[in-house]
Amino acid sequence: MKNICVVGVGYVGLVTGTCFADLGNNVVGIDVNEDKINDLNRGVMPIYEPGLGEMVERNVKAGRLRFTTSYPEALQDAEYVFICVGTPEGVDGEADLRYVRAAAEAVAQHVDHPVVIVNKSTVPVGTGDWVADIVRSKQTKPIHFSVVSCPEFLREGVAIADFMNPDRTVLGSVDQKGAEAVAQLFLPLRRPIVMTDLRTAEMIKYASNAFLATRISFINEISIICERLGADVMEVAQGMGFDKRIGHHFLQAGVGYGGSCFPKDVKALAYMAQTHGMHPQLLNAVMEINDFMRKHVIFKLQDMIGEVKDKKIGILGLAFKENTDDIRESPAITIAQVLLERGAHVRAFDPVAMDNSARVLPQVKMCQNSYEVADGVDALVVVTPWNEFKQLDMAKIRQSMKTPLLIDGRNIYEPSLMHELGFNYSGVGRGYNGTGNR
Ligand code: UDX
Ligand code: UDX
C-alpha cells in the first residue's frame, strides 16, 4: 500500500487516482477547480466515464480515496505525486506548460520528505528535466526527489479498462531507483513495463498518438479516393486488416479525429520538429487531412441541398467520440459552428455531452432525443457514433424530415438499407460520393 497524490483530477487524473485506490493504495486527489472537488466530495462526477462513479464511491467509502484543494493536506504523506494537469495547446501548437509548472512549484514548496514526482500529463520531449529544475530551484530545503515520465495511454470511454489492462506501462527517468519505485505501483497489473530514459518515454507517447492519428488520416484519405473511384472503404479496411502487420484497429474512416490528445499531440510534435530545424511533412499532412474531413461534410451538404443558409440541419452526436461527454476538438462542434456561420438553423442531440455543448453552442437548439432532432430538417448529419443511433426507427426518422438527406459521418448505417427507406444517403468512402453505389 503506497501513499499517492494526484494533481489534477480531470479525465486522466481522476481515472488514474481512482484506479490506484482500487488497487489498495491511499490516494488524495487535488485540483485548483473548487467546484470539481466539491462535486467529488458530494459523490458527483465532474466527467462522464463509464464505471467511474461506482469506483470512486466504493473507494471513498473504503477510506482509500479523498479529494481536496489544499496542497499541504494532499502532499503531507505522499510518497508519489502524479502530475495530471492540463497541457493545452499553446500558440503555434506548442504545449502550454503553465499548469505543470504550477504543480511542480507547489510540490517544491509543500513537500518536506523524499518523493517521486511522476509526469503523467503529455509534455514535450525534455520537459522531465525542466520539471526537475523547477522543483530544485523552488525547494525551501534540499529534499531528495526523482522525476519519472509515465505517459498516459487512456482512451476516453474505456479509460478504466485501459488503466487496469494496459498494453504497456512506459517509465522514463535518469534515476533508475525512481523508475523502479513507480514500477512497483504497476506490478499488480501484470502487464509489460518499458523502462527507458525521460526523453525517450516522452517521445514514445507522442510517436504513439501521432502514429494512431496517421492511421486515421490515411484511411480517411483512402475513403475520399474510394468516393471518386466507387470502392467501399469499410471493406477496404477489412481486407487490409487481415494482414497482421496492418491489423484492423484504427482504420475506421469518418469525419476525423478529435479529443484532447490527438489534435494537440500531433501539433506539438510537429512544433517540436519545426523548432529543431526539420519539416514534418507527414505530420502536417495528417493534420491537413483531418481538418479536411470536417469540411467534407459541409461540401457534401452544399452539393446536395445547395446553400445551407436558412436551411434546418440536424446533428446527431456532439462529443468527440462515443461514450464520453468530452467535446474538446470535437468534429461535431466545428461542423455546427460552420453551419451557424453560414446562416443555417442547427438542432442537435448527444446522449451525455449536451451540457458541455450548450455552453459553446448557444445558438444550437438542443433536443431531447434523436427523433426531435430529425423533425422537419432539410438534412440529418451523424457525427458521433453512439450506439443508440445505430438502431433508430429510421422509417420514422425519414417521415419526420423535410427532405431525406442523411450524411453518415461515421458509417454506422448500411447504404443499401438507407436507400430502400428512401434516404438520399451519403456515408464516408462508401462507393461513389459515399452513396453506397459502386
Ligand atoms: C491532461 C492533459 O491535458 C493531457 O495532455 C494529458 O495527456 C493528460 O492530462 P485531461 O485529464 O484530459 O488531460 O485534462 P483535464 O480534463 O483538463 O484535467 C486537468 C485538470 O487539472 C483539471 O481538472 C484542472 O482543474 C486541473 N488543474 C489545472 C490543476 O489542478 N492545477 C492547475 O494548475 C491546472
Ligand atoms: C487517444 C489514444 O487512443 C490514447 O492512447 C491516448 O492516451 C489519448 O488519446 P482518445 O483520444 O480518448 O485516446 O480516443 P480514441 O479512441 O483514440 O479516438 C481518438 C479520435 O479518433 C476520436 O475522435 C475517434 O472518433 C477517432 N477515431 C478513432 C477515428 O476516427 N477512427 C478510428 O479508427 C479510431
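From which domains does the shell around ligand 1 draw at least three residues each? In this predicted model, where local features need pLDDT of at least 70, side-chain atom pairs count only at pLDDT 80 or more, and totals for chains, interfaces and linings use all residues, that shell takes at least three residues from each of domain 1 (3-195) and domain 2 (211-433), the domain bounds coming from an automatic or database domain assignment. Residues are numbered from 1 along each chain as its sequence is written, chains are lettered from A and ligands numbered from 1 in the order in which they are written, and side-chain values use heavy atoms, with hydrogens and water left out.

The shell of ligand 1 comprises 20 residues, of which Asp31, Lys36, Thr87, Thr122 and Lys264 come nearest; a residue is counted as near when one of its heavy atoms lies within 4 Å of the molecule or strand in question. By residue class, this shell divides into 7 nonpolar, 8 polar and 5 charged members, where Ala, Val, Leu, Ile, Met, Phe, Trp, Tyr, Cys and Pro count as nonpolar, Asp, Glu, Lys and Arg as charged, and the others, Gly among them, as polar. Helix 1 (11-22) and helix 5 (98-110) each supply at least two residues of the shell, with helices (H or I, at least four residues) and strands (E, at least two) taken as DSSP runs numbered from the N terminus.

An N or O atom in the side chain of Thr122 lies 2.6 Å from an oxygen atom of ligand 1, while polar backbone atoms of Tyr11 and of Val32 are each placed 3.2 Å from an oxygen atom of the ligand. On its own, ligand 1 has 690 Å² of accessible area, and the protein covers 89% of it; accessible areas come from the Shrake-Rupley method with a 1.4 Å probe, and for residues only the protein chains shown count as cover.

Ligand 2 is surrounded by 19 residues, the closest being Glu156, Lys205, Gln252, Gly258 and Lys321. Because domain 1 (3-195) and domain 2 (211-433) both give residues to the shell around ligand 2, this ligand lies between them. The shell of ligand 2 divides into 9 nonpolar, 4 polar and 6 charged residues, and helix 9 (residues 198-229) gives the most to it, with 3 residues. The side chain of Lys205 places an N or O atom 2.9 Å from an oxygen atom of ligand 2, whereas Gln252 approaches an oxygen atom of the ligand through a polar backbone atom at 3.0 Å, and a backbone N or O atom of Phe320 likewise lies 3.0 Å from a ligand oxygen. Taken alone, ligand 2 exposes 660 Å², of which the protein buries 92%.

In soluble globular proteins, nonpolar side chains tend to be buried together. The largest nonpolar core of the model holds 50 residues, among which Leu301, Ile315, Leu318, Leu339, Phe389, Leu406 and Tyr413 touch the most other members; such a core is a set of buried Ala, Val, Leu, Ile, Met, Phe, Trp, Tyr and Cys residues joined through side-chain atoms within 4.5 Å. Elements that each supply at least two residues of this core include helix 12 (281-305), strand 9 (312-316), helix 13 (331-341) and strand 10 (345-349), and helix 13 gives the most, with 6 residues.

Ser330, in the loop between strand 9 and helix 13, counts as buried because its relative accessibility is 1%, and its side chain reaches the backbone oxygen of Ala319 at 3.5 Å. Glu152, in the loop between strand 6 (145-149) and helix 7 (159-164), is also buried, at 4% relative accessibility, with its side chain reaching the backbone nitrogen of Leu154 at 3.0 Å. Asp310, in the loop between helix 12 and strand 9, counts as exposed at 51% relative accessibility, and its phi is near 65°, a positive value in a residue other than glycine.

Notes: Polar contact = N/O pair within 3.5 Å; in protein donor to acceptor, adjacent residues only side chain to side chain. Buried < 20%, exposed > 50% of the residue type's maximum accessible area, 1.4 Å probe, protein only.
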